[in-house]
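Work through the exercises below with the sequence and the model open side by side. Each task is followed by a solution in steps.

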Amino acid sequence: MRYRVMADTIAAAIATNRFGLGARPGDIDAIASDPRGALHGQLLGPAPVLSRIGLPDTASILERVAELRMQRKEAKRGLSTGSPGEAAAQPAVENLPALLRPIYVDDAAARVQFAVASDRAFLERLVHFWSNHFAVSVDKLAVLGIAGSFEREAIRPHVLGTFQELLLAVEQHPAMLLYLDNAQSVGTYSEVARKLSRRRFRDGTAGPKIGINENLAREILELHTLGVDGGYSQADVTEFAKVITGWSIGGGQGRQHGGDPGRFFFRAGLHEPGRRRLLGREYRDGGHEQGVAVLCDLAGARATARHIATKLCRHFIADDPPATAVDRVAAAYMGSSGDLPSVYRALIDAPEAWVEPLAKFKTPSDYVYSSFRALQLPLPDGPKALAPFELLGQRNFSPGSPAGWPDRSPDWDGSAALLKRVEWADQVGQRVGSRIAAPERAAQTLGGVLGERTRQAIGRAESGAQALTLFLASPEFMRR
Amino acid sequence: MTHISRRRFLGQGALGIGALGLSGLWTTRLAFGAPGVGADGRVVFIIMRGALDGLSAAPPHGDPGYAALRGALAIPPPGAGDGALPLDGLFGLHPSLVFMHERYAAGELALVHAAATPYRDRSHFDGQDVLESGVSLPHASESGWLNRALQLKDAAGARLGIALGANVPLVMRGRAEVASWSPSKLARLDDDTLQRITDLYSKDPVLSQRLADALASNAIAAEGQDMQEDTASAPNAMTMNAPAARRGGAARYLETVRALASFLRRDDGPRVAVMETSGWDTHANEGGAQGQLAQRLAALDAGLGELCSALGPVWRNTAVLLATEFGRTAAANGTRGTDHGTGSAAFLVGGAVVGGRVLADWPGLGAANLYEGRDLRPTLDLRCIMKGILHQQLELSDRELDTVVFPSSGEARRRAGLIRA
C-alpha cells in the first residue's frame, strides 16, 4: 500500500476531501486504487435514511405548534374572563421557541453525527448541497422546528431520484410553504376572497385584506429552477404566484379546517381560478395540478439544467467553474431528463475536477466536519455538537437568505473568519493533541496533497497539542 | 498622522493580543495607517440586506395615496397615537427611529427618498450585487465601489477599510487591502503557536495576509471594548431584536458597533467601514408603528445612537450611509407584508452631514405614478449620493468617481453639498 504513486493519493484526497466531507484515517488508502470508482460506488443502492428514535416528523411537530397556540388562546381567555383564582390555576403555557428549540437541536445534532460517521460522504455532501439549494432558515420562527424534518422528508429520499421529484417534494413541503410565505397566499378572485368581499359589502366595514404573496413563486424561478438569468419576467412571477395560490398546509380551526394537520394541503378555496399563461405556455385551470404542471416544465427547462450544472460544478470543481465541465453536466441533465445520478456521474467524470487539488476554500461547516472526521473525535450530544458551527460562522440550518449559504472563497476567507478557525483549531489541539499523532494523521487524511512545509512544521512542533493545531490550521486543511 | 501615534499603536496593539514577541510583525506595511489621506473624513456604509420598506421607515404621510395604499401597514401621521416623527409636511420617520429623528432636528440627518441603484429587477441577490459593486449590471464586477475608492487613496498598502463581520462583503472587496473584524468567544493563541502558524502561512499570500490583518484588528477592537464603560449606555430599544435576529444578537450587535467606533476613532486607523444588517425582507406580518419591522428599526436606531456616543469627537467627521438593495411594493400584499419592489429610502447621518432636510424628487403614490403599477418610482440614483459623500470625505475627484469608483456612470451626477465644508 505505501508504495502507491503520489498521483493516486492526490486523486483520493480530492475524492474524500472535496467530493466527500473529509477523509477519515484509512479512507484515502482504501480508495487510492480507484478514487473515481469509489465515488461512483457511493451512488449505488438506496439513499441513506437518517432514522433516529425520537426525531418527530413535520406533521406531528406542526400539530404540537397548533395545540400550543390553542392552549395559549384559552389561557388568555381564562385570564380575561375567569376569577383571579382560576387564572392562577392555569398551567403555565410554554412559548413557541421553548417547544421548538429542543426539536431543532436534536435534529441538527443528529444530522451532524450522521455526516461525521457517514461511509457515503459524497452522497451526504449532496444532501447538504440540495438542502442549501432549497434553503430554509431557522431564523424564521415558523421554520425553527421543521428545518431538520424538511431535509429528512423532502431532500434525502430524492437525492438519488430525478430533479423533478425533488422539486415537487420541496415545493409542497410545509417548511418551504411557511418559509417563503405561500401557505397564506390567496387568489384575489378565489372563492374565499369573493365571499369575504361580499360580507364586507354587507356590513360596510373593510375586512382583513387578503391577496397574493409572490415570494415563493419568485424564488422558485430565480433560485430553485431557471436561475436569475433564466428568461422570466415580473409578469411570469405574478402569474406563477397565482398558479400556486392554495398550496398550503392542512389543519386549522372552524371554517379553515381541512386536510391532514401539518401536511401539504391544496386549499381549493384560496386558489385563483382560471387559465394562466407564463413562460410562453398556457396552463389550464386544474387546481393543484396547474402548479404541478408548471413545476414539471420548469424541471425540464434548459435554463434549469444550466443553473443546476453551474452550481454543482462550482461546489465540486472550482469557484469559477470551467465552462466545458458545466456544458457536459448540463448535457447529462438534459439527456437523462434530470436523473440526478446521471448528473453526478458526469460531475465525477469531469476531468476538470481532478486537475487542481485544494481548489475550494472550506466553508465553516466543511471545516468542522472534516476536522471531526479526520480526528475521529467522539461527538458531544445536543447543543454542544452544534457549537463549533455557530462559533465559526455557519449556524446549522440558518443561511441568511433563501439563496442559501454562498459558495465561493471570498464569502468565507475573511481575516476574522480565518482567525476564528485558527483559534478553534488551537482549542481542539489542546483538548486532544496528546492522544493523536498529528504527523501520521495529516499524512493519512491529506494524502499526496500534504506539502513538505506543513509536514515539517507539524513534525517540529513542541507538543502534540501544537502539532495538531498546526495540522488543522495548515493551508492544506483550510481547503478542499 | 504622526510618527508618535503609530508607535503608540504598535505598543498597544502588541499588548492587546498578548504577543509582544510579535510586534515585529507590524511593520508599517501591516499596521493600519492612513498616510496620503488628506481629509479626516470617515465613511460608514450600513447595508440593509433584504429590501427595506422605505414607505414604512420614512412614511410619506402627506401623500394623499399613502394611507389607503398601505392599509394596516400605514404609519399614522405625526400627532396621532403611534404617529410618525415629523420631518416636513410630506415626510416623517417611523416612530421607532427616535435617535435618528433627534439627529434630523440637530441638522445631522438627511432623508433620501424614492431612491434606487440602477438595478430594476427584483432579485435580492442581484440587487445587492449592484448596490455593492457600483456597476449597473449584476455580477459584472469582482470588486466593490468602496474598495475602488480606497484604491485611489491606498498609499503604501495602508489599511483604510474595515468590514465589521467575519468576512468581507463585495462592496469592500478588491485590490485595496482591507481588514475584517467580528466578535469571538474563542481564546487567543499563545505567542509561539501563533508565530509558527505565521511561518506556516508565509508562502501562502492569502492566508498570511488575512492572519496579519486579523491580529491587527483584534488589538484595536480590544481597546474599544475596554472603553465601553466610559461611553453612554444604549437606549432600551437594544434589548429588542437586533438585526442579527437571534438571542445574544443584540449584545453582539452593540459589541460590533463599539468595535467599529474604536477603529474609526484612531488617527491612524481605517477611514471607511462597512457593516451589514439583515432581516428587512418583510413579506408577511410586517407590522406598522409596532411589530416586526418596528423592532428591527428600533435596534438599528439604538445601534446608531451607540455609534454616535462611542465615536465621541470623531462623530463630527463621520458620514454614515444606510441603504438597501431596493424597496418593497407600495401596497400591502395578501399576508400583511410587502413584496419586492423598486424605490426605497436611504439615510445619511453623522456630524459631517448637512442634514435636517429631505433629498427627494417625490414621484407620488397615485396609481399612474407607481413604477410598473406597483412600486415606488425611483427618481434619485443612489450613486449620486454615494459620490457626494466620497467626493468630500475622501477627496475624490469627479473624474475618479465617474470612471473608477462607479465606472461609466457620468449620467449619475454627484450630489453636491451633502457634507459640511
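A residue is called buried when its relative accessible area is under 20%, and exposed when that area is over 50%. The model is predicted, and the values in the solutions are computed from it.

**Exercise 1. Determine which residues of helix 18 of chain A are buried.**

Step 1. Apply the cut-off of under 20% relative accessible area. The residues that pass are Pro364(A), Ser365(A), Asp366(A), Tyr367(A), Val368(A), Tyr369(A), Ser370(A), Ser371(A), Phe372(A), Arg373(A), Ala374(A) and Leu375(A).

Step 2. Twelve of the twelve residues are therefore buried, and helix 18 of chain A is largely enclosed by the rest of the structure.

Step 3. For the chain as a whole, buried residues make up 58% of the 480 residues in chain A.

**Exercise 2. Describe the surroundings of Asp366(A).**

Step 1. Locate the residue: Asp366(A) belongs to helix 18, residues 364-375, of chain A.

Step 2. Its relative accessibility is 7%, so Asp366(A) counts as buried.

Step 3. Leaving aside residues up to four places away in sequence, Asp366(A) touches Arg125(A) and Arg480(A).

Step 4. With Arg125(A), the side chain of Asp366(A) makes a polar contact of 3.1 Å.

**Exercise 3. Compare Ser337(A) and Phe397(A): is each buried or exposed?**

Step 1. Phi of Ser337(A) is positive, near 55°, and the residue is not a glycine. Phe397(A), also not a glycine, has a positive phi near 55°.

Step 2. Ser337(A) sits in the loop between helix 16 (323-335) and helix 17 (340-348) of chain A. Phe397(A) sits in the loop between helix 19 (383-391) and helix 20 of chain A.

Step 3. Ser337(A) has 61% relative accessibility, so Ser337(A) counts as exposed.

Step 4. Phe397(A) has a relative accessible area of 10%, so Phe397(A) is buried.

**Exercise 4. Characterise the largest cavity and what lines it.**

Step 1. There are ten cavities of 30 Å³ or more, and the largest holds about 80 Å³ of space.

Step 2. Both chains supply lining residues: from chain A, Ala416(A), Leu419(A), Lys420(A) and Glu423(A); from chain B, Ser180(B), Trp181(B), Ser182(B), Ser184(B), Ala214(B), Ser217(B) and Asn218(B).

Step 3. Sort the lining by residue type: four are nonpolar, five polar and two charged.

Step 4. Assign the lining to elements. Helix 20 (415-432) of chain A, strand 6 (178-181) of chain B and helix 8 (205-226) of chain B each supply at least two residues. Helix 20 of chain A gives the most, with four residues.

**Exercise 5. Find how many residues of helix 20 of chain A are buried, and test its span.**

Step 1. Of its 18 residues, 15 are buried, and helix 20 of chain A is mostly covered.

Step 2. At 1.5 Å a residue, the 18 residues of helix 20 of chain A should span 26 Å.

Step 3. The end C-alpha atoms of helix 20 are 26 Å apart, which agrees.

Terms used
Residues are numbered from 1 along each chain as its sequence is written. Chains are lettered from A and ligands numbered from 1 in the order in which they are written. This is a predicted model: local features need pLDDT of at least 70, side-chain atom pairs count only at pLDDT 80 or more; totals for chains, interfaces and linings use all residues. Side-chain values use heavy atoms; hydrogens and water are left out. Buried means under 20% relative accessible area, exposed over 50%, partly exposed in between (1.4 Å probe, protein chains only). A polar contact is a pair of N or O atoms within 3.5 Å; within protein, one must be able to donate a hydrogen and the other to accept it, and residues adjacent in sequence count only if both atoms are side-chain atoms. Contact means heavy atoms within 4.5 Å. On a 1 Å grid over the protein atoms alone, a cavity is a set of points where a 1.4 Å probe fits but cannot get out, and a pocket is an open set with protein on both sides within 12 Å along at least five of seven lines; lining residues have an atom within 4 Å of a point. Grid points are joined across faces, edges and corners, and a volume is the space filled by probe spheres set on the points. Ala, Val, Leu, Ile, Met, Phe, Trp, Tyr, Cys and Pro count as nonpolar, Asp, Glu, Lys and Arg as charged, and the others, Gly among them, as polar. The expected span of a helix is 1.5 Å times one less than its number of residues.
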